[in-house]
Amino acid sequence: MSEPSLNFAKKGVKPASKLIVLAIASVALILLDNRYAAVQHAKGYAATALYPLQWLANQPVNLYRYVSGFMQSQANLMADNKRLSEENGRLKLLAARSELQTRELAEMKKLYGLQQSGISITGGAEVISNSKDPLSDKLIVNKGSRSGVKEGDAVIDQNGLIGQITQVQPLSAELTLLTNSKTIVPVMVARTGVRSLLYGSGGAVNLRYFPADADLRPGDLLLTSGLDSVYPEGIPVAKVEQVSRAAGTPYYRVGLKPLSGFRSSKYVLVLPQQQQPPALNPGHD
């Protein structure tokens, strides 16, 4: 005789019967819960026993919420950090521009004050280039012959004499700095009026032949003396920093500090050369 096979199609309890049984059981449990304390204690024990299972069941949800919140927080922090970095960079740029504009405004105010001092001025100009060699003693300004600039004109910045125009184009001009080795400027000591010559020496200036029997002190200011036709009288040129007697010579050894900002000045004023009075003709009365 063959063994009976499993029958997966066999019908069990009907759904309606299940519903009736579960409903009766639920009502019975409600009645027992309200009337008997033992049932309530049993519920407490069951809840306590099932708590670890509930805790474990909730951990995946809590882990998902934690990871999701952490990732969202990280994304928000990165976005805020990027925004703050961009804002910080923008504010730094604005601050740098504001500082530059403030410095340029102060420079232009000083130049305007020089214009009102009675010195004859061809006009203001802007330094646009350090020439081809950034280490050279040449600058390029944005005014030329069309603006009345001529070769030999003196140029000053907000602090004093900066150099002389040596080459002129229609729309620009070359400015040779005071430190050029070929520069010679007649100067005088503002305190005493003693006159001498100031020489450029490749990046600096000096007084080569200031007599040792004259009065010269640290802190003295040197001004243009106006003895030539190039530099008007009274332009600040340099400040005396050190004075010592040169052994074996009748001259001082002098350390000078030029007053103009050779590389930092952006705006300058061009001074026309002084007109020499016409020579007298002895053949006429």
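Two strands count as paired if DSSP finds at least two bridges between them, where strands are DSSP runs of E of at least two residues, numbered from the N terminus. The model is predicted, so that local features need pLDDT of at least 70 and side-chain atom pairs count only at pLDDT 80 or more, while totals for chains, interfaces and linings use all residues. Residues are numbered from 1 along each chain as its sequence is written, and side-chain values use heavy atoms, with hydrogens and water left out.

**Exercise 1.** Determine the strand order of the open sheet and identify its edge strands.

*Solution.* Step one: the six strands follow the order β8-β7-β6-β9-β10-β11, with antiparallel pairing. Step two: β8 (205-206) and β11 (252-258) each pair on one side only, and these are the edge strands. Step three: inside this order, β6 (residues 184-189) pairs with β9 (residues 221-224) over three bridges in the antiparallel sense, and Val-187 stands opposite Thr-224 in β9.

**Exercise 2.** Trace the closed barrel and find the bridge partner of Ile-156 in β4.

*Solution.* Step one: the barrel has six strands, running β1-β2-β5-β4-β3-β12 with antiparallel pairing. Step two: β3 (residues 154-156) and β4 (residues 161-168) are joined by three bridges, again antiparallel. Step three: the partner of Ile-156 is Leu-161.

**Exercise 3.** List the residues that Leu-198 touches, with contact meaning heavy atoms within 4.5 Å.

How values were computed. Helix = DSSP H or I, 4+ residues; strand = E, 2+ residues; numbered from the N terminus. Lists of a residue's contacts leave out its neighbours within four places in sequence.
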